Amino acid sequence: MNGDIRREWFEKDYYQVLGVAKNASSAEIKKAYRRLAQKHHPDANSGNKEAEERFKEVSAAYDVLGDEDKRKQYDQVREMAASGFAGVGGPRAGGRGGEVRVEGFPFGGAGFQDIGDLGDLFDMFSGGRRGRTRQQRGTDLETEVRISFDEAMAGTTVPLRVQGPATCPTCGGSGAAPGTAPITCPVCGGAGTVNENQGFFQVARTCPRCSGSGRVVEHPCPECGGSGVVQRTREFSVRIPAGVQDGARIRLAGRGEPGPAGSRPGDLFVVVHVAPHEVFGRKGSDLTLDLPVTYPDAALEANLQVPTLNGSVTLKVPAGTQSGKTFRIRGKGAPKPKKGGAGDLLVTVRVDVPSKLSREEKELLGRLREAQQASARTGRGGER
């Protein structure tokens, strides 16, 4: 029998447990779980048994709905249970060994067709998937780091401190005392589930001896009490690649919370916040820059020095350049972490109008204005 199909799937509406609609997106389910888990977490409700049970219930619901494959199977099981297996004939009791017998099942053979237990029936609906229960894994964690713009451009290494559940250093997460090891559960044989006869079919439920892990710790670790988990602060470093963008999420596999003994830990996601730069802006891999230009330079042509991430370059501003004109300097933008190379630097010219002028400057501009007005009157304003 498929170990993912549990009795609780027939009895509990996990969507109702999390307070979400059946068509809720993965993001909505995750958000609801986080809110409820934080509200009912044992650390925030010391001694509150009701909150502890509610936390377990919420966690069990998210374990199924937060996994795409499990959620699909759960939905199919609930639909089959609600319809009485409608559409494949009427299941009747009397099958040997607790098997389901379906009359007129449309794949050859006349009369009754033995198709095994409920797990086999479900396998037919789900494309033939078979196998043992997928082991649970630890919860994913998320943290944030803040770096400067220059660090984001060059790449850096940032120290992290994560406080919470961690693998027990004494037993290595096995839960067994040093010199011993967990044994295969004698009740379920390591499957993590046991079959329960439900009249005309069998349903798997979590093994009461090993709580679904398939393993039993006979000699618990003295430090973690057999859980394989302790509370401590973990310190390590994360490498931030050059060119990282604000809001990027870096995944550190296996750095999340440890899972049940014998299973793999979750992942740690590091959200990177990049401080703005006083000169450069950013559009993807391109950097942006506003360049103040005097009226004479814009009108007559000029070669101007433009700052980049690694020194200055010369930009030729053609005669008659208008304010707002953007020039592209290739290869002088931000590094591309995945593709290699770098983006471009987009330089936008801003003609600078001085707020104060000397007497000589005023006289020169006055003569220029008179010359332009004269050119306009004679129709030669466009000549150069």
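With which residue does aspartate 267 form a salt bridge? The partner is arginine 251, and the closest N and O atoms of the two residues are 2.9 Å apart. The model discussed here is a predicted one, and it holds 14 salt bridges.

**Salt bridges**

- With a relative accessibility of 5%, aspartate 267 counts as buried, because buried is taken to mean under 20% relative accessible area.
- Aspartate 344 forms a salt bridge with arginine 328, and here the closest N and O atoms are 2.9 Å apart.
- Since aspartate 344 is placed in the loop between β17 (326-329) and β18, and arginine 328 in strand β17, this pair ties together parts that are 16 residues apart in sequence.
- Aspartate 344 is buried, with a relative accessible area of 10%, while arginine 328 is partly exposed at 44%.
- A further salt bridge joins the side chains of arginine 350 and aspartate 290, with an N to O distance of 3.6 Å.
- Arginine 350 lies in strand β18 (residues 345-352) and aspartate 290 in strand β14 (residues 286-294), so the pair ties together parts of the chain that are 60 residues apart in sequence.
- Arginine 350 counts as partly exposed at 39% relative accessibility, and aspartate 290 is likewise partly exposed, with a relative accessible area of 48%.

**Strand pairing around β14**

- β14 and β18, the strands that hold aspartate 290 and arginine 350, pair in the parallel sense over 8 bridges, and leucine 291 stands opposite valine 349 in β18.
- β14 also pairs with strand β13 (residues 281-283), in this case in the antiparallel sense and over 3 bridges, with leucine 287 in β14 as the bridge partner of arginine 282.
- The hairpin formed by β13 and β14 has 2 residues between the strands, and glycine 284 in this hairpin takes a positive phi near 65°.

**Aromatic rings and charges over rings**

- The structure has 3 aromatic pairs, and one aromatic cluster is formed by Tyr14, Tyr15 and Tyr74.
- The rings of tyrosine 14 and tyrosine 74 have their centres 5.0 Å apart and their planes at 25°, so this pair is stacked; the pair links distant parts of the chain, since tyrosine 14 is in helix α2 (residues 14-18) and tyrosine 74 in helix α5 (residues 68-83), 60 residues apart.
- Arginine 255 lies over the face of phenylalanine 236, at 4.4 Å from the ring centre, and the charged end of lysine 325 sits over the ring of phenylalanine 327, at 5.8 Å from its centre.

**Helix α4**

- Helix α4 (residues 49-65) has 17 residues and reaches 24 Å from its first C-alpha to its last, close to the 24 Å expected at 1.5 Å a residue.
- At the start of α4, a side-chain oxygen of asparagine 48 reaches to within 3.1 Å of the backbone nitrogen of glutamate 50.
- A network of salt bridges links Lys49, Glu52, Glu53 and Lys56.
- The buried residues of α4 are Ala51, Phe55, Val58, Ala61, Val64 and Leu65.
- An α-helix has 3.6 residues a turn, so residues three or four places apart point the same way.

**Positive phi outside glycine**

- Serine 211, a residue other than glycine, has a positive phi near 60°; serine 211 is placed in the loop between β8 (202-206) and β9 (215-216) and is exposed, with a relative accessible area of 61%.
- Glutamate 301 also has a positive phi, near 100°; glutamate 301 is found in the loop between α8 (295-300) and β15 (302-308) and counts as partly exposed at 42% relative accessibility.

Conventions: Residues are numbered from 1 along each chain as its sequence is written. This is a predicted model: local features need pLDDT of at least 70, side-chain atom pairs count only at pLDDT 80 or more; totals for chains, interfaces and linings use all residues. Side-chain values use heavy atoms; hydrogens and water are left out. A salt bridge is a side-chain nitrogen of Lys or Arg within 4 Å of a carboxyl oxygen of Asp or Glu. Buried means under 20% relative accessible area, exposed over 50%, partly exposed in between (1.4 Å probe, protein chains only). Helices (H or I, at least four residues) and strands (E, at least two) are DSSP runs, numbered from the N terminus. Two strands pair if DSSP finds at least two bridges between them. Rings of Phe, Tyr and Trp (its six-membered ring) pair if their centres lie within 6.5 Å; planes under 30 degrees apart count as stacked, over 60 as edge-to-face and the rest as tilted. A charge sits over a ring if NZ of Lys or CZ of Arg is within 6 Å of the ring centre and within 35 degrees of the ring normal. The expected span of a helix is 1.5 Å times one less than its number of residues. A polar contact is a pair of N or O atoms within 3.5 Å; within protein, one must be able to donate a hydrogen and the other to accept it, and residues adjacent in sequence count only if both atoms are side-chain atoms.
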